[in-house]
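Please look over the sequence and model first.

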Amino acid sequence: MVWRVLLTSILLFNGWHLSEAGQTKSAHPAVVTLPRAAVSRIPSPNRKWTLLFECPNDCSERKLWIEENASHTRKLVKEYDRSLSISWAPDSRTFFVNDASGSTETLCYLYEPSTLKETDLAKVVLAGDPDAAQFLKAGHSYLEAKRWVNSHELLVILEGHNDGLPPGSFTLRYRVDLSGDVRKLSQHSER
């Protein structure tokens, strides 16, 4: 019984789900929230890359590295101040990092593993929905990729509020294609 619980935990962590018929791979790679431990490893679905999040000394340092598994070559992605959530695209060509950089904001970036080319998701959303500027500039603004829809599309949430000023509290949901196509799915605001 204990071995089954342990196996289930390992499979769920790696994006697998158990069913009555056996084991099936999830269509959407898991979103991993960090920090979890002094070192966390997040392998790409194709196993070519591994993201390593180091958080030693009670998380006084927070560094995200990427390692090419065949050569064991490591490159620093970035140093962080707060918590992160990370997920690989199903085809392993991109990963996103939600950076809770402060108590008043969360930013989201997309990275290509081989070059570490960074794409600011806020700029992509603004290009597709210029009206989002007022929400991105709010006193408390949290832009997060929630999950991969497929290898080139993300479900993205922009939420937050201003303290006593318009637009008040807000939640916007988008479907964002890596080609730059942004489709607003819903918008809710309260004054």
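Both Phe96 and Trp148 are buried (under 20% relative accessible area, with over 50% exposed and partly exposed in between; 1.4 Å probe, protein chains only). This is a predicted model, where local features need pLDDT of at least 70, side-chain atom pairs count only at pLDDT 80 or more, and totals for chains, interfaces and linings use all residues. Residues are numbered from 1 along each chain as its sequence is written, and side-chain values use heavy atoms, leaving out hydrogens and water.

**Aromatic pairs**

- The whole structure holds 4 aromatic pairs. Rings of Phe, Tyr and Trp (its six-membered ring) pair if their centres lie within 6.5 Å; planes under 30 degrees apart are stacked, over 60 edge-to-face, and the rest tilted.
- One of the pairs is Trp88 with Phe95, tilted, at 5.0 Å centre to centre and 55 degrees between the planes.
- Trp88 is buried at a relative accessible area of 2%, and Phe95 is buried at 0%.
- Phe96 and Trp148 make another tilted pair, with 5.9 Å between centres and 35 degrees between planes.
- Phe96 sits in strand 9 (residues 95-102) and Trp148 in strand 12 (residues 140-150), so this pair ties together parts 52 residues apart in sequence. Strands (E, at least two residues) and helices (H or I, at least four) are DSSP runs, numbered from the N terminus.
- Trp88 and Phe95 also belong to one aromatic cluster with Tyr111.

**Charges over rings**

- A charge sits over a ring if NZ of Lys or CZ of Arg is within 6 Å of the ring centre and within 35 degrees of the ring normal.
- Arg74 lies over the face of Trp65, 4.5 Å from the ring centre.
- Lys78 places its charged end over the ring of Tyr109, at 4.4 Å from the centre.

**Around Ile66**

- Ile66 belongs to strand 6 (residues 63-68). It is buried, at 1% relative accessibility.
- Thr50 is 16 residues from Ile66 in sequence, and their C-alpha atoms are 5.7 Å apart.
- Contact means heavy atoms within 4.5 Å. Leaving aside residues up to four places away in sequence, Ile66 touches residues including Thr50, Arg74, Trp88 and Phe95.

**Cysteines**

- A disulfide is a covalent bond between the sulfur atoms of two cysteines. Here the criterion is a pair of cysteine sulfur atoms within 2.5 Å, and the count comes to 1 disulfide.
- Cys55 and Cys59 form a disulfide, with 1.7 Å between their sulfur atoms. Both Cys55 and Cys59 are buried.
- Cys108 is buried too, with a relative accessible area of 1%.
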